[in-house]
Amino acid sequence: MKKRKITAEDLLKMKFIRSVRLSPDESKIMFTTETTSDDKRKYHSHIYMVNSDGTGCRQYTFGDVSDSGPVFSPDGKWIFFTSKRGGKKGLYKMPTEGGEARLLAGEDGSYSSLSVSPDGKKILCVFTKSDDVPKDKDGKREEPVFRHITRLFYKLDNSGFLPGDRGHIYIYDAETGQGKRITNTRNGEKCPIWLGDGRHIAYIANTSRDSDIEHMRDDIFIISAKGGKPRELSKPPGPVEALSASPDGREIAFFGHDDPDDAWGVSNHHIWKVPVAGGRAVDLTPKLDRMTADITISDTAEDHTAEGPAWSQDGKTIYFQVSENGSTRLYKVRSTGKEYSLVIGGKAHLTAFSLGKRNRTIAYALSDSTVPAEIFITNIPGQSKAKRVSHLNDTLFKEIEIPKPEEMIIRGHDGYPIHAWILKPPGFSTNKKYPSIMQVHGGPRVQYGYSFFHEMQYLAANGYVVYYGNPRGGQGYGREHADSITNAWGTLDYKDCMSLAQFMATQKYINKNRMGLTGGSYGGYMTNWIVTHTSFFKAAVTQRSISNFISFYGSSDIGFDFDREIKGSPWKNHDSWWEMSPLKHIAKVTTPLLIIHSEQDLRCPIEQGEQFFTALKKLGRKVEMVRFPEEPHGLSRCGRPDRRIARLDWILKWFDRYLKGKK
């Protein structure tokens, strides 16, 4: 059967794996899958189960629901998970063998970080209570008369205005659903875990006087499962993520670093260990010059999050993700910290993993450049050939021609190696000259890599050579690489992007008069910066971008923290903030520019796009703007499905108009 080219609408037919959990006896793998609703206006997330030998894949939950974070009870007989059903979030329980899910707790708010006590009788989680809001006579929420703001961090992209409650630790009875709050830190708590036999709990809290400003000064606390006075463990100042207790409950592993004044994502998170009884925290991976987290990006995966370190059952080994050189891989380190080594490698994107309690197998979700993530299983230590046990997208991908990107290393203006990829159109011919599009990633402390990217495949399917790389300023290539643009956006990163574009212009199959540029977030900033400094590209699309750092400082949900990245503040170091703002240089723009921005983008607020649009209109330049109502910063990843398709159509139409001459 002749394969067809991928379409924008194919994105809505794909199924995306969001979590992976091995059953305690390692006979089953539970995972959640996200799909698009029939009306193309929302997503559903359901729980699936497959036997570890790949047989008996079965869907457990159905309908208009959003299930997430499922965990097994220690005996493997029950599943506990959070779900949004009928517009309300709750904590649910269902038999592992299948059956109707039962609501355990459904107070107005959100539940996260679920875990089951060793005896299976209690559920530990963070519950964040919603604010009381006015409702009309039909029970629908109404906007308040006013909002009284007293904190710097009062809103969050894709969440909106944050509630007064910042989330506290609760323990719920696994049978009755009766809950009890056991912590009362002013700034809230996160990541609770059971210790040993379940009589104590560890958690993370920031007890700084102003945790909004000092948000990277986390500490670890121990408290009785009955409540009481917490005890703080000793650790260096710095952020903490993803606690994990050793099997005997005597030690805690976590992600973090010891630089609370770090710029955005420059310092590498390492694997640390601290004794529960008290003592000094130790960095187990001090020589690892990479990030122990998944920071490989894609439009088919959620935002990068920390998949917690996982202990072997003998307590001698800790497993963790590492993002390096375009891949996210699985590593292990001795709990003594003497050595670390690769467990699951390859040119791929390992998005989630789960260790078995019997210390025999590892289940994980793995994507590469030609297919979204599927479930695999291998033995511990991961040396046998992995077995693929899910086939969610096989039927669709048998129809579609998916070219494989070609990897390359090019040299920057100063000889620096730039890791990049070229994606050529289906049916590519060396005898033709193609229009091209350079993609610039967001972040900036993330990486492009070996992960399936629908948008790039779609543009290639429409006749474009798509190329993308990891210029200096991103992550995945060491601290020095990441730190190279701190207080210097638009310098080495700009030169690396242009080195890549100039290299492509020399390729015989590239029409150097039809080269386009696009990027989102930081990539949108870089698109703005490039078109204000060169007329090299014949058309550009800037998405969810930054144009003016000075206004961004006060309007973004996290703008107040940007003085970590650009030193000083807009009033103390005005010239530097303004010099790095593309808006200052806007009079130089000659490239036709499409501005795409979401109206509810709280990360790079729409005023950033509006300022650029207004200035270019006043200057008489070729510019248009497409605004997406209701959508957040992450439109391309989590926006309403029909709007994601509309966004892709607009990008293609713009490049077709200016690079192909289509009307």
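Mentor: What follows is a walk through some of the salt bridges and their surroundings. This is a predicted model, in which local features need pLDDT of at least 70 and side-chain atom pairs count only at pLDDT 80 or more, while totals for chains, interfaces and linings use all residues. Residues are numbered from 1 along each chain as its sequence is written, and side-chain values use heavy atoms, with hydrogens and water left out.

Side chains of opposite charge can pair when their charged atoms come close. The structure holds 38 salt bridges, a salt bridge being a side-chain nitrogen of Lys or Arg within 4 Å of a carboxyl oxygen of Asp or Glu.

One of them joins the side chains of Arg 85 and Asp 67, at 3.2 Å from N to O. Arg 85 belongs to strand β6 (residues 78-85) and Asp 67 to strand β5 (residues 65-72), so this pair ties together parts that are 18 residues apart in sequence; helices (H or I, at least four residues) and strands (E, at least two) are DSSP runs, numbered from the N terminus. Asp 67 is buried, with a relative accessible area of 1%, whereas Arg 85 counts as partly exposed at 21%; buried means under 20% relative accessible area, exposed over 50%, and partly exposed in between (1.4 Å probe, protein chains only).

Another salt bridge is formed by Lys 190 and Asp 218, whose closest N and O atoms are 3.7 Å apart. Here the pair links distant parts of the chain, for Lys 190 lies in strand β15 (residues 189-195) and Asp 218 in the loop between β16 (200-205) and β17 (219-224), 28 residues apart. Lys 190 is partly exposed, at 31% relative accessible area, while Asp 218 is buried, at 6%.

Asp 656 is buried, with a relative accessible area of 10%, and Lys 662 is partly exposed, with 47%.

Salt bridges that share partners also join Glu 630, Glu 631, Arg 640, Asp 642 and Arg 643 into one network. Arg 643 lies in helix α10 (residues 641-659) and is buried, with a relative accessible area of 13%. Leaving aside its neighbours within four places in sequence, Arg 643 is in contact (heavy atoms within 4.5 Å) with Phe 628, Pro 629, Glu 630, Glu 631 and Leu 635.
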